[in-house]
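Notebook open, structure loaded. I want to look up how a few pieces pack together.

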Amino acid sequence: MTFDLEYNSERPLMIIPEYGRHIQKLIDHCVALETKEERDKMAKAIVDVMGNLQPHLRDVPDFKHKLWDQLYIMADFKLDAESPYPQPSKEELQEKPEGLPYPKSASRYRYYGNNIQTMIDIALSWEEGDKKEALVFTIANHMKKCYLNWNKDTVDDAVIFKHLFDLSDGKLDLRETEEALSESKNLLRKRTTQGQSSTKTTYKKPQHSNQSKYKKR
């Protein structure tokens, strides 16, 4: 008795290896069937088996649609079988996605992040009043906190006010204000070493009331 051994280096490349080579062989056999009735019947059976092999897809919306698309992909779009969903095209699969624009950073003060610029834009859209003034000082305090988190040092309020002036294109000017921001020690977060406790526990040796006394004889 002789056996024909198959080496992975000699086998064809699997398109979706998560399903294994046996599913790939079933799909290749389904493509080679002569009648469309046989192909339809076997294609539905293969989709059911694929669903059992990937149970996490059941939580995905339209998971059946996803399975049928994967069936056509693994068949190299050569399967002529009836599907309850539109058959995907090879050109659509190989189409390159549109390029995404780079996010705009907050000028040269990147340590403030993009959210600061969004907050400044919102503050500029508000009418003058106590609420806007409170929001502007809240933004300035948050900027000071971000600055300290990155630079790990003290910073003068005048520096934060100048940066706020620059980021708002000169529309939010606190450079002449006499009100001070929060102190640095109140803005910085206390970082404790992971796994260490701030309180020390002392171990006391248990004492027994009936202790035996040994005397030398």
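I started with what is buried in α7: Asp157, Ile160, Phe161, His163, Leu164, Phe165 and Leu167. This is a predicted model, so I keep that in mind throughout. Next I checked what lies over those buried residues, and the cover includes α5 (114–125) and α6.

Then I went to the packing of α6 on α7. I remind myself that a packed pair of helices is described by the angle between the axes and the distance between them. Here α6 spans residues 130–151 and α7 spans 157–167; the angle is about 115° and the axes are 10 Å apart. The range for roughly perpendicular is 65 to 115 degrees, and α6 and α7 are therefore put in that class. I also noted the handedness of the α6 and α7 crossing: right-handed.

Which residues meet there? From α6 I listed Val136, Ile139, Ala140, Met143, Lys144 and Tyr147, and from α7 Asp157, Ile160, Phe161, His163, Leu164 and Leu167. Sorted by type, the residues of this contact come out as nine nonpolar, one polar and two charged.

At its start, a side-chain oxygen of Asp156 comes within 2.9 Å of the backbone nitrogen of Ala158. Just past α7, Asp169 has a positive phi of about 55°.

Last entry: Asp69, which sits in helix α3 (residues 63–74). Is Asp69 buried or partly exposed? Its relative accessibility is 21%, so Asp69 counts as partly exposed. Beyond its neighbours within four places in sequence, Asp69 touches Pro86 and Pro88. I get 8.7 Å from C-alpha to C-alpha for Asp69 and Pro86, which are 17 residues apart in sequence.

Conventions:
Residues are numbered from 1 along each chain as its sequence is written. This is a predicted model: local features need pLDDT of at least 70, side-chain atom pairs count only at pLDDT 80 or more; totals for chains, interfaces and linings use all residues. Side-chain values use heavy atoms; hydrogens and water are left out. Axes are lines fitted to C-alpha atoms, for helices over the stretch in contact, and angles run from 0 to 180 degrees between N-to-C directions. Helices (H or I, at least four residues) and strands (E, at least two) are DSSP runs, numbered from the N terminus. Angles under 35 degrees count as roughly parallel, over 145 as roughly antiparallel, 65 to 115 as roughly perpendicular and the rest as oblique. A crossing is left-handed if the near helix is turned anticlockwise from the far one by less than a right angle, and right-handed if clockwise. Contact means heavy atoms within 4.5 Å. Ala, Val, Leu, Ile, Met, Phe, Trp, Tyr, Cys and Pro count as nonpolar, Asp, Glu, Lys and Arg as charged, and the others, Gly among them, as polar. Buried means under 20% relative accessible area, exposed over 50%, partly exposed in between (1.4 Å probe, protein chains only). A polar contact is a pair of N or O atoms within 3.5 Å; within protein, one must be able to donate a hydrogen and the other to accept it, and residues adjacent in sequence count only if both atoms are side-chain atoms.
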